[in-house]
Amino acid sequence: MKLNELLSEWMTVHREEEIKPQTIIRYECCINNYIKDSLGQEEIRNITKKTVQSYVEGLKQTLGERTEKELSTSSVRCVLAVLKLAFDYAVENDLIPTNPAKRVFAPFGKEKKAAESFTLDEQKAIESYVLSEGVDGNYGILLSLYTGIRIGELVALTWDDVNLEYGSISVTKTQTVNKNDSGHWKPEDGTPRSEASGRIIPLPQFVVEDLQAIKERSTSSYVFTLPSGNPMNAKILRWRFEQILIKLEIRKLSFNSLRHSFATRAIDSGMDVVTLSEILGHAEAGNIINIYKESFKFNKEAMTSLKRIGNK
């Protein structure tokens, strides 16, 4: 049996399990883009640990099909995960004696940069520009700036997710980019990335008023759309955001820096870490402290002012 045959059989079994559709799609992309035409042609009994390790090392130099950039560490890890799971299936079904990918190590990712936020002056300039421009499709930039919502969640928002009376938005889905049957990359709405990502975000009153005005002009079920009326997609919104930064001569930070800016302002205003964690959709409050530790100001005077309550 060739590896491609094993992968096909294993994926059929996977589809019958309770696995998120996005995970299935990601596995299929790994197989079709990086395994099928190379290692997939090999007989599984001829594949050794050395074969898999050499293959993984080669992937590090591969260019991603969609990005045309060096394959990310997460993509290489995904490919290795697929191989380990598929070979586990083969061992369980007595097709091979041992899993050749079991002790193969994925590459380490590059050290993550500290979360970068816009300064108050930069934030004011961005907000003033978006409001004066008056393009409803671009208002998502400000919504991210004042709620910390992720771009995939943002462009997937529908008016059913917006409760203007209560003043909140419900994150019920996120946009991902997947290959369709024709082999083209296409944005699709799916479930949030994790259980914690599905959440309700309260809105400042001025955001409620802005969204009310946008809704009155809207003819779509989606909150943010293109001039054609089609839903906004993350790629276009990122490009628009980059153009705004260029026009305003503001340093080029990622769209995700809007989310970081919201978190930084929230911490500076005294928001507690548990509340912030829930709003951002983090599973654990500790993640917030790790990411934004530079923003937390631990007051030494407040600690030294504590008095003993009990007897010495």
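**Notes on the model**

1. Buried residues make up 41% of the 312 residues in the chain. Please keep in mind that this is a predicted model. The average pLDDT of the chain is 82, and 76% of the residues score at least 70.

2. For the overall layout, you will find 13 helices and 5 strands. Among contacts with a separation of 6 or more, 64% join residues 24 or more positions apart.

3. Which residues touch the most other members of the largest nonpolar core? They are Ile141, Leu211 and Phe224, in a core of 45 residues. At least two core residues come from each of α5 (120–133), α6 (140–147), α7 (151–155), β2 (168–171), α8 (205–217), α9 (234–247), α10 (256–268) and α11 (273–280). In soluble globular proteins, nonpolar side chains tend to be buried together.

4. Leaving aside residues up to four places away in sequence, Phe224 touches Asp136, Gly137, Tyr139, Gly140, Leu143, Leu154, Leu157, Leu211, Pro231 and Met232. One of these partners, Leu211, is itself among the residues that touch the most other members of the largest core.

5. Over residues 298–303 the pLDDT stays under 50, and the model has 0 contacts beyond four places in sequence for them.

Note on methods:
Residues are numbered from 1 along each chain as its sequence is written. This is a predicted model: local features need pLDDT of at least 70, side-chain atom pairs count only at pLDDT 80 or more; totals for chains, interfaces and linings use all residues. Side-chain values use heavy atoms; hydrogens and water are left out. A nonpolar core is a set of buried Ala, Val, Leu, Ile, Met, Phe, Trp, Tyr and Cys residues joined through side-chain atoms within 4.5 Å. Buried means under 20% relative accessible area, exposed over 50%, partly exposed in between (1.4 Å probe, protein chains only). Helices (H or I, at least four residues) and strands (E, at least two) are DSSP runs, numbered from the N terminus. Contact means heavy atoms within 4.5 Å. pLDDT is the predictor's confidence in each residue, from 0 to 100.
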